[in-house]
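Reader: Hello! Could you take me through one part of this model closely, the place where two of its chains meet?

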Amino acid sequence: MTALNVSMSPPASSAVRPVDGLVDRKLALWHLVASLVFLGVALLAGFSFSLQFLQKYPFPGIELLSPGRWRLVHTNGVAYGFLANAFLGCLYWAVPRLTGQPVYSRALSWFIFWAWQAIVGVTAVGLILGHAQALEWGETPTYVDPVAFLGLILVAVNFLTPIFRAKGPMYVTLWYFIAAFVWTPLVYAMGNFLAQYLVGGAAGGAIGGLFIHDLVGLFVTPLGWGLMYYFVPIILKKPMWSHGLSLVGFWGLAFFYPLTGIHHFLYSPIPLFLQHGAVITTIAIEFVVTTVIINFFGTLAGRGDALRTSLPIRWFYTGMVFYFTTCLQCSFQTTLTFQRLIHFTDWVVGHAHLVMFGVFGFWLLGSILYLFPRLIGAKAYYSDALNSWHYWLSALGTLIMFTDLLVAGVVQGNLWRNLAPWEESLIASMPFWLIRSVSGTMIIVGNFMFFWNLYKTWQMTVASRQTQPAMPGTSPMPA
Amino acid sequence: MFESKSGIFLIAGLGFFALSFVVMAVLPWMIYYKEPEQTVAMMAQKGMVPEFADLAERYPEQFKKHFGEVNYKTYAEALQLGHDVYVAEACWHCHSQFVRPVSNEDLRWGPVSHALEYQNTLQRPVLFGTRRVGPDLIREAARRPNDWHVAHFYNPLSVQPTSVMPAYSWFLDEQGYPNKKGMAIITYIQSLGSWLREYPYFEGDGPLGPAAHPEQPYGGKPVPKQVVNAPTEGSRQS
């Protein structure tokens with residue numbers, strides 16, 4: 001019960017509102033399950049691609065299992081399968097509770113659910129068949145793009161309606177959510193349509209950089225922070241430390257984050273003064289991030305025991321430490337000095353994994369851990385030990401992978417700069433790539449332990465429901 | 001305003017996004033929009049790489065079947081298809097296509113990339129790339145002969161025992177000749193950088209140049225120089 005016992009009672013605000021009927025638990029649950037299914041696929045795809053780097057790709061010479069294509073399944077599966085689904089599941093829980101209003105339409109929600117799974121499924125099949133689009137993290141085939149764009153608009157309508165219907169002041173979480181719902185479709189359209197059909201060459205590259213960056217900064221980040229502002233105070237049962245810092249964090253992010261896109265293509269043929277601008281705003285973000293982190297650790301102060309007693313809190317705060325790390329790293333690696341050495345190396349790959357899995361993956365896995373028993377009405381998890389293993393394997397695996405790729409990047413950068421023959425950089429990288437695959441295995445094993453735990457918990461709950469039917473209207477896990 | 005719905009929706013959501021769009025996207029576009037974007041047909045017209053004809057010579061039957069004859073139209077077709085294969089196989093996640101002005105990259109690969117080299121539809125979306133597992137390819141034209149590429153695509157380990165590049169055996173037909181995809185990707189690769197006045201480039205200027213690598217094509221000898229295309233303004237800077 002370690003995972004749950006700190007948060008048995010509902011927060012004061014939701015106690016006065018009749019929230020239970022507002023949340024479509026089944027819908028939220030299905031989104032979370034879908035997200036984990038895609039996470040599993042993406043993890044395995046990434047792992048098999050990593051074997052290519054050890055000259056041990058398990059399926060050589062099969063066109064449909066071409067490693068490059070499965071790498072796309074890995075990254076797009078994480079973005080659109082895992083992250084997007086998990087966010088939607090959490091949103092269906094959080095938004096009605098924060099606004100006291102149901103989402104715009106239940107039918108629309110289910111339509112979105114199936115449409116989104118179809119979009120991700122068709123994307124995966126399209127990528128495997130070789131229909132990718134040359135836009136990083138936007139490789140979704142061009143025929144999927146308009147549909148996905150419409151889907152994002154429907155999502156925005158579905159959630160913005162309750163937010164705008166609600167009366168009274170808005171909690172921080174909703175600031176982030178509103179912004180994310182406006183930004184995501186805009187970003188998606190900009191990257192997928194402009195860079196594909198209108199603007200080519202170096203200027204198109206600037207848009208591509210903006211797209212990759214905004215996808216992280218304006219879709220994933222605001223939703224992620226929004227959820228943290230929601231879950232952390234609820235689980236800790238205390239308000240955020242400083243409202244002022246929340247404001248600084250939100251407005252700082254909203255202003256600076258979109259201005260950094262070009263830092264992905266430093267020393268490229270994009271005009272240098274624009275590159276300089278992107279470098280400066282990127283460094284500015286680090287200061288904003290620091291205020292947010294201070295706010296969250298200020299909130300934790302005095303409740304440090306929760307790191308031990310509440311597993312979701314541990315996931316969240318580990319993610320925050322990683323977040324601070326990647327942002328700090330970012331403000332260095334974005335400088336032209338660092339770029340000379342580490343651009344195009346594994347350093348960047350390490351950075352990407354720390355952000356996507358170490359931060360947002362961790363936050364969402366923590367959220368799923370918190371929500372799952374509440375959604376299915378379970379009293380406890382089948383095994384707390386498995387949950388612990390999940391956490392430790394993921395945390396250590398991520399840390400090892402990050403450190404390993406960081407060092408690999410520096411080694412590669414130096415060999416390239418020193419004009420060593422290319423083979424030499426491959427030979428030097430092999431040990432690092434081996435460690436990368438091993439750390440990836442740790443993450444995969446941890447997560448499959450979690451999947452197994454969820455399955456057994458569900459099985460247990462169904463069995464206990466059959467022997468003693470729950471009294472109508474009481475869910476065993478306080479919501 | 002800072003905590004109101006409309007403030008967040010309009011200022012943070014729409015306003016700041018629009019600002020960033022102007023600064024990060026419209027500005028670079030304004031700098032380059034006057035440079036006409038070349039179509040594949042225009043690029044083909046500017047000059048055909050000899051390696052395309054070489055494919056027809058080496059594999060006459062297969063070439064006839066897949067492309068017919070050697071002319072600018074079939075060359076353009078091959079370039080486009082080669083580009084599409086390059087994108088579909090995500091070659092661009094392991095190979096970059098720009099030479100930076102730092103880290104001795106011009107010594108390794110050739111002249112630093114210039115924005116005008118990317119004003120064409122084969123660079124929409126641009127293939128700058130994101131990670132260099134293998135070397136940069138924007139100066140790859142004529143660095144290696146066609147049959148090297150055939151062997152390399154069939155099994156990279158056969159020519160480069162330390163390679164981690166995947167084998168693309170589906171670029172070859174049952175008899176081991178390049179099929180349509182194979183010929184197209186080779187043509188595309190052989191065209192990268194061929195628009196410069198002088199090419200190919202080897203790691204020639206450094207201590208590890210061709211002289212130190214007698215096993216390389218043209219090992220150490222002066223490299224044949226073809227003047228294929230009209231030079232683009234500024235493409236030979238650095």
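Author: Happy to; here is a walk through the interface of chain B and chain A.

This is a predicted model, in which local features need pLDDT of at least 70 and side-chain atom pairs count only at pLDDT 80 or more, while totals for chains, interfaces and linings use all residues. Residues are numbered from 1 along each chain as its sequence is written, chains are lettered from A and ligands numbered from 1 in the order in which they are written, and side-chain values use heavy atoms, with hydrogens and water left out.

Chain B brings 76 residues to the contact and chain A brings 93, where contact means heavy atoms within 4.5 Å. Between them, about 7,100 Å² is buried, and carbon and sulfur atoms give 70% of that area; buried area is the accessible area (1.4 Å probe) that two parts lose on being put together, summed over both.

There are 3 salt bridges between chain B and chain A, each a side-chain nitrogen of Lys or Arg within 4 Å of a carboxyl oxygen of Asp or Glu. Glu89(B) forms a salt bridge with Arg69(A), with 2.6 Å between the closest N and O atoms.

On the side of chain B that touches chain A, helices H1 (5-32), H5 (72-88) and H6 (105-109) of chain B each supply at least two residues; helices here are DSSP runs (H or I, at least four residues), numbered from the N terminus. H1(B) gives the most to that side, with 21 residues.

Technical notes: Polar contact = N/O pair within 3.5 Å; in protein donor to acceptor, adjacent residues only side chain to side chain.
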